[in-house]
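Thanks for coming. Please have a look at the sequence and the model on the screen before I start.

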Amino acid sequence: MSGLVRKNFASPEETRPFEADMGKVDLVALDAIPVGRGTFNPGWRWSKHVKPIAGTDSCQASHVGLTLSGRMHIVMDDGEEMEFGPGDLMVCPAGHDAWVVGDEPCVVLDWAGFGDYAKR
């Protein structure tokens, strides 16, 4: 990257909606690094609202992100599980399911896993 770069999620370069209008991923690109802001509505679950798009048994994206608002529960294929909330940094390897906890949308910035996430 040379010089200053400014991108804003108010004008994403791409938006990918989830099934059943349960949220979306907005993407901006910083050179070769796509950065995504995922908005996951209450009731969203990966296995219901992204699995039909991905066509895999569990999410095969690895994520490195920051939870801005709301809460998300993640269960790895091996049974390990953890919940993330506002201010939590997350490293999540491939092979998991996830869902929103509570009545508030969960908003996550991700620097690793949204490049091909929910891509049709």
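First, the ground rules. This is a predicted model, in which local features need pLDDT of at least 70 and side-chain atom pairs count only at pLDDT 80 or more, while totals for chains, interfaces and linings use all residues. Residues are numbered from 1 along each chain as its sequence is written, and side-chain values use heavy atoms, with hydrogens and water left out.

Now the sheet. Helices (H or I, at least four residues) and strands (E, at least two) are DSSP runs, numbered from the N terminus. Two strands count as paired if DSSP finds at least two bridges between them. On that basis there is an open sheet of six strands with antiparallel pairing, in the order β1-β2-β3-β9-β4-β7. Which strands stand at the edges? They are β1 (14-17) and β7 (89-92); each has a single partner strand, so one side of each is left without a neighbour in the sheet. Direction ignored, neighbouring strands of this sheet are turned by 25 degrees against each other on average; the axes here are lines fitted to C-alpha atoms, for helices over the stretch in contact, and angles run from 0 to 180 degrees between N-to-C directions. At one end of the order, β1 is joined to β2 (residues 23-30) by four bridges, and the two run antiparallel. There, R16 has V25 in β2 as its bridge partner.

Next, β5. Five of the six residues of β5 are buried, where buried means under 20% relative accessible area, exposed over 50%, and partly exposed in between (1.4 Å probe, protein chains only). On which strands does β5 pair? With β8 it pairs in the antiparallel sense over six bridges, and V75 stands opposite D97 in β8. β5 and β6 form a hairpin with four residues between them, and G79 in the turn has a positive phi of about 100 degrees.

That leads to the core. A nonpolar core is a set of buried Ala, Val, Leu, Ile, Met, Phe, Trp, Tyr and Cys residues joined through side-chain atoms within 4.5 Å. The largest one has 24 residues, and those with the most contacts inside it include M72, I74 and Y117. Its largest share, three residues, comes from β5. Leaving aside neighbours within four places in sequence, Y117 is in contact (heavy atoms within 4.5 Å) with residues including R16, V25, F40 and W44.

Last, the salt bridges. A salt bridge is a side-chain nitrogen of Lys or Arg within 4 Å of a carboxyl oxygen of Asp or Glu. How many does a search of the whole structure find? It finds eight. In one of them, D97 meets R45 at 3.1 Å, N to O. D97 lies in strand β8 (residues 96-101) and R45 in the loop between β3 (33-40) and α1 (46-49), so the pair ties together parts that are 52 residues apart in sequence. D97 is buried at 15%, and R45 is partly exposed at 29%. Another joins D26 and K24, with the closest N and O atoms 3.6 Å apart; D26 is buried at 2% relative accessibility, whereas K24 is partly exposed at 34%. K24, D26 and R37 are linked in a network of salt bridges.
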